[in-house]
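Student: Could we go through this model together, one topic at a time, with the criteria stated as we go?

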Amino acid sequence: MDISIVPMTTQQDMDGKGYVHWKSWQETYTGLVDSTYMERLTLERCVEMAHRWPRNILVAKDGEQVVGFVGYGESETPHWGEVFAIYVLGDYHGQKIGYKLMNAAFEKLSVYKKIAVWVLKGNERAIRFYERYGFRLDGAEKDITLGTPNTELRMVYTRQ
């Protein structure tokens, strides 16, 4: 398997990113997020979002197939970078693709000393991944509504 990390530029990349977004939500958030909300997050909606917001997205490709993606940019917190989303298809978990995506996003965010990521409370797999990468919970939380109220926890990476 030869995974490449590239900017999302083609229609095929956008369609693939939309599929990964949709499929990863099914794999990750079933049971954590309201089922009605999950039903409304259709494949078509995820593909549409990928086409509408193509900037600052890197995709992981196995050949021509998109198997993961990361979205990054400037945080709401002044002078911080942020990883807005990172997803890898379940069939590709455990193959260091998330690390490759995070490394590539960190290169794009090289001007920032602090990088934040918000993670859904209860998403223990993601929390462990971020902790292994070097992020730490900093105590900040925000309430979001995904059909029903949920809480996101902020994790922060500080460059040395």
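Tutor: Helices (H or I, at least four residues) and strands (E, at least two) are DSSP runs, numbered from the N terminus. This is a predicted model, in which local features need pLDDT of at least 70 and side-chain atom pairs count only at pLDDT 80 or more, while totals for chains, interfaces and linings use all residues. Residues are numbered from 1 along each chain as its sequence is written, and side-chain values use heavy atoms, with hydrogens and water left out.

Student: In which strand does tyrosine 72 lie, and is tyrosine 72 buried or exposed?

Tutor: Tyrosine 72 belongs to strand 3. Buried means under 20% relative accessible area, exposed over 50%, and partly exposed in between, with a 1.4 Å probe and protein chains only. Because its relative accessibility is 11%, tyrosine 72 counts as buried.

Student: Which residues is tyrosine 72 in contact with, leaving aside its neighbours within four places in sequence?

Tutor: Contact here means heavy atoms within 4.5 Å. With those sequence neighbours left aside, the residues in contact with tyrosine 72 are Asn56, Ile57, Leu58, Glu82, Val83, Phe84, Ala105, Lys108 and Leu109.

Student: What is the strand order of the open sheet?

Tutor: Two strands pair if DSSP finds at least two bridges between them, and strands of a sheet pair through backbone hydrogen bonds, either parallel or antiparallel. The open sheet has 7 strands with mixed pairing, in the order 1-2-3-4-5-7-6. Its edges, each pairing on one side only, are strand 1 (3–7) and strand 6 (136–146).

Student: Over how many bridges do strand 2 and strand 3 pair?

Tutor: Aspartate 62 has glutamine 65, in strand 3, as its bridge partner. Strand 2 (residues 57–62) and strand 3 (residues 65–74) pair in the antiparallel sense, and the number of bridges is 6.

Student: What angle does the direction of helix 1 make with that of strand 3?

Tutor: Axes are lines fitted to C-alpha atoms, for helices over the stretch in contact, and angles run from 0 to 180 degrees between N-to-C directions. Helix 1 (residues 11–29) packs on the sheet, touching several strands, including strand 1 and strand 6, and its direction makes with that of strand 3 an angle of about 90°.

Student: Where is histidine 79, and is this residue exposed or buried?

Tutor: Histidine 79 sits in the loop between strand 3 and strand 4, and its phi is near 70°, a positive value in a residue other than glycine. Because its relative accessible area is 67%, histidine 79 is exposed.
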